[in-house]
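Me: I have a model open and would like to talk through its packing. Could we start with the interface and then turn to the helices?

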Amino acid sequence: MAFFAVSQTAFLLAVLSWRISQSEVLVEHLPLTPESLTVSINSTLQHLHLQWTVHELPYQELQMVFQIEISRFETSKVIWMGNYSTTVKRNQVLHWSWKSELPLECATHFVRIKSTVEDARFPELRFSSNWSSWEEVHAHTPGHDIKLIFPRDKLVEEGSNVTFCYNAGINQNLSCYLDSELIHGEQLYSNIFTFKLNNVPFIREAGTNVYCAVNYALKDGTVLFVSKVLEEPKDFSCETQDFKTLNCTWDPGVDTGLVFDGQPPQHYTLFESFSGEKKFCEHNNQCSWEISPDLQETYNFTLTAENYLRKRSVSTIFNLTHRVHPKAPSSVHFKNIGATNATMTWKIPALGNYSTLLCQIELRDKENALQEHNVSIKVNGEFLFSELRPDTQYVVRIRCANAKHVWKWSQWVTQPLVTAEAVPSKALDVWRRVKSEKGLLHVTIFWKPLSKFHANGKILFYNIVTKQLDKKSELKFQSIPAPANGTELTLNQGSYQIQVTANNSVGTSLASEIVISRDSGNEEVEEEKINGTKDGFHMSWKPQSRGRTGYVVDWCEHQRNLHCDLQWKNLGPNNTSTVISSDAFKPGIRYNFRIYELSTEKIAYLIENRTGYIQELAPLDSPEVKALNLTSHSFTLSWKDYDTEAQRGFIQGYRVCLKSKATQCHLDAVEELLPDNSTCCKHDISNPKQKTFLVENLQPESFYEFFVSSYTSAGESPVGTFTKVMTQDEHSHMLMRIILPMVLCVLLIAVMCYWKSQWVKEKCYPDIPDPYKSSIFSLIKSKENPHLTIMNVKDCTPDAIEVVNKSEGTKTPFIGTGKTLTESEFPKPANFYLLPAQDSSVPGPCISFVNHTYRETACDSSSCAHTPVTDTALPCQLRLLASPDNLQKTLEKTHRDSQGEIPAGEISLNYVSQLASPVSGDKDSLLISSPVPVLCSEYKMQTVVPSCLDSTVLSDNGSLSSVTLLGQGKHYN
Amino acid sequence: MLACLCTVLWHLPTVPALNRTGDPGPGPSIQKTYDLTRYLEHQLRSLAGTYLNYLGPPFNEPDFNPPRLGAETLPRATVNLEVWRSLNDKLRLTQNYEAYSHLLCYLRGLNRQAATAELRRSLAHFCTSLQGLLGSIAGVMAALGYPLPQPLPGTEPTWAPGPAHSDFLQKMDDFWLLKELQTWLWRSAKDFNRLKKKMQPPAAAVTLHLEAHGF
């Protein structure tokens, strides 16, 4: 250990002695110290520029290394140390620059330098000089303004880092902002602050404002201009159209220009290395270069974009003949245009004799390129198009390029070409529809317009020639101007041949022929249902005859329109099925298809008929339903059929939906929930022909609601409004059974009463005779006094009195005039009886009363006593007995008056019915039994015969009359 | 709506059909000049907003009020009220004419700074309108028999920022140019309104408050 310490000390002494000897050598070479050091500042670039010399260089040149120290604020604050190696020549002024991150205006910088010879050729000179003295440098700030913040108006590229510094100076409250955002600076020295912005973005062309203020009072500001990074020009290329000028183009990329004194937009220069020529480009995306007359073959261009911060270059080298971009062909024309060919001519702007051009010709219709041709030309070109379509519009376009090396094709030049017309190349597709009506044939001829391909021109008119086959009549011509597609012919019954041709300006097409037979239009074939699919209607049929030339299926595409737009499809003779499809087919519309077989005579026979829907839909509406035969327990629903054309599908049946209070449905019904969350019992009627439905087993006096919907294979018609119905009362029909007969009976009785009213009146309430209106007056008047109004007894002229003497039982002859009743005239054998005014001395007469108003009760046995007849009292005084009382009084009076004269028991008063048999009843009262004929029974009046009275009375004229029992014109005495 | 009605009522006396009393005098041209100043005020409000936004913060901030510094050469519109009242017609018109002559020249320099085509179009349009106002003031002066002021040699306004003139100061100058222009247009409206009333029968006195209007 001790040994180690001693040896270390010895080593250090040795080194020290070596260093002393070296210092002695340096002293000898002090002139190599850098001298005349000057430091300058470039504020914009933030560069310190050093300049110095090395005096008395021992050799012509020496390889030297300079050590440089840079201090900031103070010499002791060294911020950078570095070496600069260079070969120094004698009397050479050396330059070196240092870039400061901090703006140089913010601080005083100090620089010193020393040199070391490090030249291998002169190892003896290997030593360092002394440091030069510190050189102090301040950034010069022109103007009188107090500038506080640096750098001033600095320009950087996007993404750069920038360090700002500001001198707060005496402004203690100085705050700095970057676009209004407060910046917190870092104190660098005393009142010098700094802040750094990293990765600065481009914000605006006018730059980003950095400014400082004291209490919001602006003190100073600067602008940081951030430029976008200059891009390398893209797609740089040059070409010539005329071998006189080269046009160079490129994509410049972003514009790096800034306003104010930021930076102008980048500029471009073109440099050609072979010729050494350079050109400043006026535009930022193109530049033209004059080709020298000697036609330099190869060119090497360098395009340089440059702004304040950067340069970007691209180069291209090419052979001039490989950069030929011809101008577009000119004077493109057509000549000798026919229906199928035409000749095109064109010119190319002169390229001199330098190259041959290849021209590309394209013939197009509206959609496709039909022909492509390549033609080599020098200046003028010509090409013949053939195999063109007549009356067709083509577009011909042409472009050219250098035949040896296709760099770029010229622009296309387009020219339209329309070929001439030709005769139509195809016969028309013709069909017909025939209606037989009132002995005439209404034939509608339809034809499909020729396609443009077959028309070969504009069809001007259609010719129709009609020829009757039965007779040798003249042909009938008809011309229909285009664009018609049909016409109507009215023909007499018979067979006709109809030919149709299409005509354009050049000629006529082949004739299409159809034959109308005598029976056309009268065919009836049963209709069959078919179902359509998304592919169309599939249908097949059975051949009807062997000698057929084909089939035609026709249908109306717009079935519901007035003009149904008849369509037809021609099929070969061996086809027995087809699919009819059309975009016009719509769901829910019924289409009818008729299948015709064409005979060899070109007559069409209807063989089958189909109807169907491409897609069935549910009915839109429901049938209108009426409720009939409403009873207490049932009612019947009835509805009518739909219109067939209006149906959106084949009706498969109906469903009756019945709502009631009943909670359960009958067995034949299904409970269904309705959209309004109510339920109904649904009855299914699977027979579409059934149009009635009996709803039974109902409750009397209950509300029911019903709705009838129809359904197709696609579904059911929507639920509509329910109709309400109320069942009848259960007893109402029983009441009807009772009341109706009763009413009828009452009516019958009333009619009977009315009919027999006279009889009833007579029976129930006979008219009371009015003495003033008695008909006797007419009799009296006629004889005696025409002004007589009241009949007096004295006015009576009794004709006869019949007295029946019971005791004698003999017939008393009439006295007086001696006439018998049969002899006396009695013009009106009225139903009254005259009481004879005869001498009371005549014994035994009996008075008879005949009056239908006389009531039996008025003359009963008690009241009807024997009535004596006296002379004075006129016992037989004639009176009309208005009432039974009167009668009774009269009778009583008469009885009293006659009591004394007529002996009681000898004369009796009896009711004698004329209907009664003379032998019936009391035989004692049968006073006139013998003379009364049975034939008198038709008299229904009763006769009161007072047997007690004298039978004779005196008339005015003194004659006697007998009481007559009126009947059959016979009078009894 | 109310503003339109007021404008119509305000302009009613200027309807030629209602004021045909022989020679119309300078009245109509004063009215036209007044209308033009109001129109330019409106136009400048839009232009200044766009341009100051283009300069960026803090120039587009409403309370930004930088020191004039380099804008000292701009003609000042602000004047003491008593001084303004005491101005005679000729002096009043002369000051207006000289101010707009200078401002127009400065304004044309502004166009160089504009980066967008739209801004350049707006500036060019405003310059044309300002040129029209200048012509209109010249017409009023001619009608009143006042000679146009002749520019003194060597006092031609120039827009030549020196090498020491920083871009930030340039932006401040632009700010002051627009602000001064705004104040001048406001003052001119008062001037021509006063002049207009003076040319007409005496009317109610005008109270004028001259204040600097911020943008």
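Reply: In this predicted model, chain B and chain A bury about 1,700 Å² between them, 61% of it on carbon and sulfur atoms. Buried area is the accessible area (1.4 Å probe) that two parts lose on being put together, summed over both. Local features need pLDDT of at least 70 and side-chain atom pairs count only at pLDDT 80 or more, while totals for chains, interfaces and linings use all residues; side-chain values use heavy atoms, with hydrogens and water left out. Residues are numbered from 1 along each chain as its sequence is written, and chains are lettered from A and ligands numbered from 1 in the order in which they are written.

Me: What is the peptide bond from P57(B) to P58(B) like?

Reply: That bond is cis, with omega near 10°. P58(B) lies in the loop between α2 and α3 (81–86) of chain B. Helices here are DSSP runs of H or I with at least four residues, strands are runs of E with at least two, and both are numbered from the N terminus.

Me: And α2(B) itself, what span should it have?

Reply: Helix α2 (residues 27–55) of chain B has 29 residues and should span 42 Å at 1.5 Å a residue; its end C-alpha atoms are 41 Å apart, which agrees. The expected span is 1.5 Å times one less than the number of residues. G56(B) follows α2(B) and has a positive phi, near 95°.

Me: Now the helix pairs. At what angle do α4(B) and α5(B) pack?

Reply: Helix α4 (residues 89–113) and helix α5 (residues 117–143) of chain B pack at about 160°, with their axes 10 Å apart. Axes are lines fitted to C-alpha atoms, for helices over the stretch in contact, and angles run from 0 to 180 degrees between N-to-C directions. The two are therefore roughly antiparallel; angles under 35 degrees count as roughly parallel, over 145 as roughly antiparallel, 65 to 115 as roughly perpendicular and the rest as oblique.

Me: Which residues make that contact?

Reply: Among them are L93(B), Y97(B) and L104(B) of α4(B), and F126(B), L130(B) and I137(B) of α5(B). The residues of this contact divide into 16 nonpolar, 5 polar and 2 charged. Ala, Val, Leu, Ile, Met, Phe, Trp, Tyr, Cys and Pro count as nonpolar, Asp, Glu, Lys and Arg as charged, and the others, Gly among them, as polar.

Me: How do α5(B) and α6(B) pack?

Reply: α5(B) and helix α6 (residues 167–199) of chain B pack at about 30°, with their axes 13 Å apart. That makes α5(B) roughly parallel to α6(B). F126(B), L130(B), L133(B), I137(B) and V140(B) in α5(B) meet L181(B), L185(B), F192(B) and L195(B) in α6(B). By class, this contact has 9 nonpolar, no polar and no charged residues.

Me: And α4(B) with α6(B), parallel or antiparallel?

Reply: They are roughly antiparallel, packing at about 150° with their axes 10 Å apart. The residues of that contact divide into 15 nonpolar, 5 polar and 7 charged.

Terms used
Contact means heavy atoms within 4.5 Å.
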